[in-house]
Amino acid sequence: MELLSALSLGELALSFSRVPLFPVFDLSYFIVSILYLKYEPGAVELSQRHPMASWLCAMLHCFGSYILADLLLGEPLVDYFSNNSSILLASAVWYLIFFCPLDLFYKCVCFLPVKLIFVAMKEVVRVRKIAVGIHHAHHHYHHGWFVMIATGWVKGSGVALMSNFEQLLRGVWKPETNEILHMSFPTKASLYGAILFTLQQTRWLPVSKASLIFIFTMFMVSCKVFLMATHSHSSPFDVLEGYVCPVLFGSAWGSDHHHDNHGGSQGGSGPSSHSSLPTKSKEELSEGSRKKKTKKAD
């Protein structure tokens with residue numbers, strides 16, 4: 001009986017790994033990605049005043065991971081833009097989200113039950129991109145573990161890692177919102193997933209790729225749907241990092257942000273020329289926190 005259940009699970013994982021992503025899953029990925037572009041402050045005004053800049057930002061949200069991966073592997077950065085079907089589909093989604101009369105399309109896809117379905121389908125695409133990216137990097141660098149991990153990581157979270165460049169297209173420069181400094185849950189999960197898939201690709205993890213794709217996808221879908229349904233900005237990794245990081249690094253991951261806040265509050269007793277600096281930093285940090293919350297939902 002256990003053998004039959006194991007075989008059925010293996011067959012389910014294999015069938016799941018062979019499900020084509022285009023067009024249904026890719027459509028969901030584009031919808032969620034461009035939704036979060038519209039959530040950015042000033043994104044709607046940008047689309048009305050500078051539609052070309054808005055369209056470029058939308059394409060970065062949809063295909064930024066492919067651009068970064070091509071950059072790492074020394075391949076043409078515009079290679080993926082030869083995929084006319086995906087570009088046209090993403091462009092149609094951008095137009096409907098920003099310019100549909102009465103915002104009907106935007107209101108429909110923002111309805112929470114519908115949005116949860118799209119978010120779950122986006123995580124299917126994310127995990128598949130990590131696995132494909134590592135397989136592609138392994139083809140070029142058979143023993144380059146760090147190259148495979150980096151490629152899988154940017155495949156899974158390239159949009160977040162390119163956030164500062166995308167901000168420049170919108171005329172915004174906020175280096176304090178760098179994703180490396182304040183990693184969101186999808187970015188951390190993509191990094192951990194890239195490590196797991198690299199271990200599997202190099203045969204250090206005794207599990208099939210189809211099974212790993214299925215298991216990690218179920219983990220990502222469960223976490224993202226739960227976090228969005230509960231409107232939570234926490235990370236499932238916070239508890240583990242709270243125990244491990246102080247042992248390995250002497251402090252919790254990302255604790256420097258809190259030290260900066262304390263330092264700013266203590267500097268208020270100085271001269272007037274200096275007292276304005278903490279106030280400015282607090283405003284910037286509050287903007288950065290709002291940006292971080294938006295990214296965590298990605």
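1. In this predicted model, Lys38 is a buried residue, its relative accessible area being 10%, and the side chain of Lys38 meets that of Asp103 in a salt bridge with an N to O distance of 3.3 Å. Because Lys38 belongs to helix α2 (residues 24-39) while Asp103 sits in the loop between α5 (84-99) and α6 (104-110), the pair ties together parts that are 65 residues apart in sequence. Asp103, for its part, has a relative accessibility of 25% and therefore counts as partly exposed, since the buried class is kept for values under 20%.

2. A second salt bridge joins the side chains of Glu40 and Arg170, at 3.7 Å from N to O. Glu40 is in the loop between α2 and α3 (43-49) and Arg170 is in the loop between α9 (163-169) and α10, so this pair links parts of the chain that are 130 residues apart in sequence. Both Glu40 and Arg170 are buried.

3. Elsewhere, salt bridges with shared partners bring Glu40, Glu166 and Arg170 together into one network. The count of salt bridges comes to five.

4. The packing of α10 against α11 deserves a separate point. Helix α10 (residues 185-201) and helix α11 (residues 209-229) pack at an angle of about 170°, and their axes are 11 Å apart. An angle over 145 degrees counts as roughly antiparallel, and α10 and α11 are therefore roughly antiparallel to each other.

5. Which residues of α10 and α11 meet? On the α10 side the contact is made by Phe185, Pro186, Ala189, Gly193, Leu196, Phe197, Gln200 and Gln201, and on the α11 side by Lys209, Leu212, Ile213, Phe216, Phe219, Met220, Cys223, Lys224 and Leu227. Sorted by class, the contact of α10 with α11 has 12 nonpolar, three polar and two charged residues.

6. Ala210 is also placed in helix α11, and at 12% relative accessibility this residue counts as buried. Which residues is Ala210 in contact with, leaving aside its neighbours within four places in sequence? The partners are Ala13, Leu14 and Ser17.

7. Of the 298 residues, 44% count as buried. Among contacts with a separation of 6 or more, 74% are between residues 24 or more positions apart. The chain exposes about 15900 Å², and carbon and sulfur atoms supply 68% of that area.

Definitions and conventions:
Residues numbered from 1 in each chain as written. Predicted model: local features only at pLDDT ≥ 70, side-chain atom pairs only at ≥ 80, totals over all residues. Heavy atoms only, no water. Axes fitted to C-alpha atoms, helices over the stretch in contact; angles between N-to-C directions. Helix = DSSP H or I, 4+ residues; strand = E, 2+ residues; numbered from the N terminus. Parallel < 35°, antiparallel > 145°, perpendicular 65-115°, else oblique. Contact = heavy atoms within 4.5 Å. Nonpolar A, V, L, I, M, F, W, Y, C, P; charged D, E, K, R; others polar. Salt bridge = Lys/Arg side-chain N within 4 Å of Asp/Glu carboxyl O. Buried < 20%, exposed > 50% of the residue type's maximum accessible area, 1.4 Å probe, protein only. Areas by Shrake-Rupley, 256 points an atom, 1.4 Å probe, with all protein chains shown as cover.
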